[in-house]
Number of protein chains: 2
Amino acid sequence: MICAIIKIMQKNQKITLADVAEAANVSPITVSRALRSPDKVSPKARDRIERAIAQLGYVPNPAARALASGRTDVIGVIIPSVSNNVFAEVMRGMYDALSGSGLTVQLATTGYSPLAEEHLIRVFLTQQPSGLILAGHDQSPAARDLLARANCPIVQVMEVGPKPIDVAVGLSHHDGAFLAARHLIERGYRAPAFLGAQMDPRSQRRLAGFRAAMREAGLAEVTQVVTTPEPSSVSMGCRLFADLIAHHPQIDAVLCNNDDLALGVLFEAQRRNLSIPDRLGICGFNDLEMMEAAQPPITSVQTDRYGMGQLAIAQIRDRLEGRGHPAGTSIDLGFALQIRDSTGGWRG
Amino acid sequence: MICAIIKIMQKNQKITLADVAEAANVSPITVSRALRSPDKVSPKARDRIERAIAQLGYVPNPAARALASGRTDVIGVIIPSVSNNVFAEVMRGMYDALSGSGLTVQLATTGYSPLAEEHLIRVFLTQQPSGLILAGHDQSPAARDLLARANCPIVQVMEVGPKPIDVAVGLSHHDGAFLAARHLIERGYRAPAFLGAQMDPRSQRRLAGFRAAMREAGLAEVTQVVTTPEPSSVSMGCRLFADLIAHHPQIDAVLCNNDDLALGVLFEAQRRNLSIPDRLGICGFNDLEMMEAAQPPITSVQTDRYGMGQLAIAQIRDRLEGRGHPAGTSIDLGFALQIRDSTGGWRG
DNA sequence: CATCATGATGACAGCGCTGTCATTCGTCAA
DNA sequence: TTGACGAATGACAGCGCTGTCATCATGATG
């Protein structure tokens, strides 16, 4: 075996499965099997093969594997944007859940364009992916059509909705915002406003939840809503709030579409010496780590973004192994309103 | 052509290059050429081929392409962690620079482990990538060895250092921190401290820059340094600062390893009613968007993370087209100290 | 001892595309 | 009209691996 290995190394070329086979003195197909389903190869052969692989530093060629098998071991992930820190946590969950699976994530971004999403879905699907992960439920009809025909697990993350294409993992943004808005009302705020940037579908549903709570409380009339299609940021929170308070000084609380905005509102309110939570209540969405650290700590709707990513990958892995939830399942990870000082704190 | 297309569609199978060829009434190889180098195909044929591609919805199979050509159109990107918001901006720059190139990014994370990095480099390199992007200059000797032998462009991002493997795009973290520390001294702070979490090599160099400035000012004796290997976060900033001020109440300024920590320091100082910038100066690193929005706005060392990502991809694209900088080039994107109220503000 | 089931292994072809040549065709100068 | 030349196109083989089926050795069974 040693001399076989030396001979092969001397070729100084890419090490292929055939080289490993030669070194281990078996046929290529046996090496392939040892890699794919080790239990179908005798321990003796397996041992020799493993040793040969280690000594030659063999790494399988995924292109050849994909071509021959028609599968790719690639999970396509289509999200609106990489710089949205909400997705960063989701991605982290995915990468962690991937480990040891031989699967790879292929990330693509739509820039919040449904057409771009449709195109990416089309491209991914022709590539025979092991799975597809999409953000949200608002795929175009054509895209849903493509996806319905797909023969790989499809997970919609971020949100649960009425009709998952296959499996959905997320939460109800409507309900989260509804609960947060109701909390503001319970705390005695009588003129809450909604601040939103980058009004994607999930933001729209949060807004709807806010409105529903206001209607319920008979406050629909006094409610103010300020939104912008521009990306969300802390400075945007400052600007939107400055705009809001300039035109509607009677506002006494703000439900923010996300935590970046909430932090901006906090800063801007501090600049204007509006005392929090007495003069102004602030509530965010997502509960980024910094909400609790802020001064005062900011109330927010906690979402399990890391868990969403993890679970999405886990679902696909389960499916590939014949387990997992059936098509049509929604997994609601829920949310938890984290009540902090910015809305008056916890009153047992 | 129409009836050829109908015939092909009826097979209801994957559309291959051969199908396109049949529909366009040319040989497969001509279709391949039309895709790869359109100028080598007559306009007439090209037109028919393009029409056939559109009507059939043909998408090339990258696995087959990779196998046949020995190239993959994949750029491997190896970074420590996806949840570090510094890398999010870099990634955004990369994705933007990728558009229209047919190239794809394959992201992998090391979890700050040099061994994991070495393994990933090995795996990526055997895959014949179009390029490789690495974070920093601290690859293991074995990894550098592998990389030196690689026959694809390699870009080290985040940092410029003495001996780039191929091309480096970044800045001097030492100098950035040095300048920031000197600024604190110029502002009259006489007992500055350094706060650091997740002390990766770049953080170490920032610390070195801080120390150099302190020595220069003859303040090495009074200097305090608090670090932790744990991940950086706003709450970690609160905790580290609480720890620091408890043991060393004489501290009058803090240079933070990054902006998360700086924000945490701001919040914690506010909780303790330490007035900023009079009782305490705060300086961050990276200049995340929220630094300017904070109350008071926080001084920070601005870095062009988006530009780094963009330039890294642009370098690889240039190289693939035979242009671009020669091996051994370092591109220093520099930094800019953004002086704000948290260190006393700008004094012309 | 013959028969069969079982597990282990191998031969063969082909996945979809592209590199390398060879061939065809039209065009122009001699 | 002929030959030479370049542009356009095609034939062929093979990239590295795996699915399918066939083969072989082994031990269990009656």
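Which residue of chain A comes closest to the rotation axis? Among the residues of chain A, the answer is A:Ala63, whose C-alpha is 2.2 Å from the axis. Please keep in mind as you look around that this is a predicted model.

**How the two chains are related**

Chain A can be laid on chain B by a rotation of 180 degrees with 0.0 Å of shift along the axis, and the RMSD is then 0.1 Å. This is the relation of a two-fold axis. The copies meet through the same surface, because 98% of the interface residues of chain A are also interface residues in chain B.

**Inside chain A**

Three domains make up the division of chain A: domain 1 covers 2-53, domain 2 covers 72-170 + 305-334, and domain 3 covers 173-302 + 337-343. Taken over C-alpha atoms, the centres of domain 1 and domain 2 of chain A are 36 Å apart.

Chain A also has an open sheet of six strands, with parallel pairing and the order S2-S1-S3-S4-S5-S11. Its edges are strand S2 (104-109) and strand S11 (329-332); each has a single partner strand, so one side of each is left without a neighbour in the sheet. From one strand to the next, the twist averages 20 degrees.

For a closer look at one pairing, take strand S1 (residues 74-79) and strand S3 (residues 131-135) of chain A, which run parallel and share four bridges. Here A:Val77 stands opposite A:Ile133 in S3(A). Helix H7 (residues 114-126) of chain A lies across S1, S2 and S3 of chain A, and its direction is at about 180 degrees to S1(A).

**Around DNA strand D**

Both chains take part here. Helices H3 (28-36) and H5 (62-69) of chain A, and helices H3 (28-36) and H5 (62-69) of chain B, each supply at least two residues of the surface near DNA strand D. The largest share, four residues, comes from H5(A).

Of the atoms of DNA strand D within 4 Å of the protein, 67% belong to sugar or phosphate, and the rest belong to bases.

| Protein side | DNA strand D side | Distance |
|---|---|---|
| A:Ser32, side-chain N or O atom | phosphate oxygen | 2.4 Å |
| B:Arg33, polar side-chain atom | base nitrogen | 2.9 Å |
| B:Ser42, polar backbone atom | phosphate oxygen | 2.9 Å |

Methods: Residues numbered from 1 in each chain as written. Chains lettered and ligands numbered in written order. Predicted model: local features only at pLDDT ≥ 70, side-chain atom pairs only at ≥ 80, totals over all residues. Heavy atoms only, no water. Least-squares fit on C-alpha atoms with pLDDT ≥ 70 in both. Contact = heavy atoms within 4.5 Å. Pairing = 2+ DSSP bridges. Axes fitted to C-alpha atoms, helices over the stretch in contact; angles between N-to-C directions. Domains from an automatic or database assignment. Near = heavy atom within 4 Å. Polar contact = N/O pair within 3.5 Å; in protein donor to acceptor, adjacent residues only side chain to side chain.
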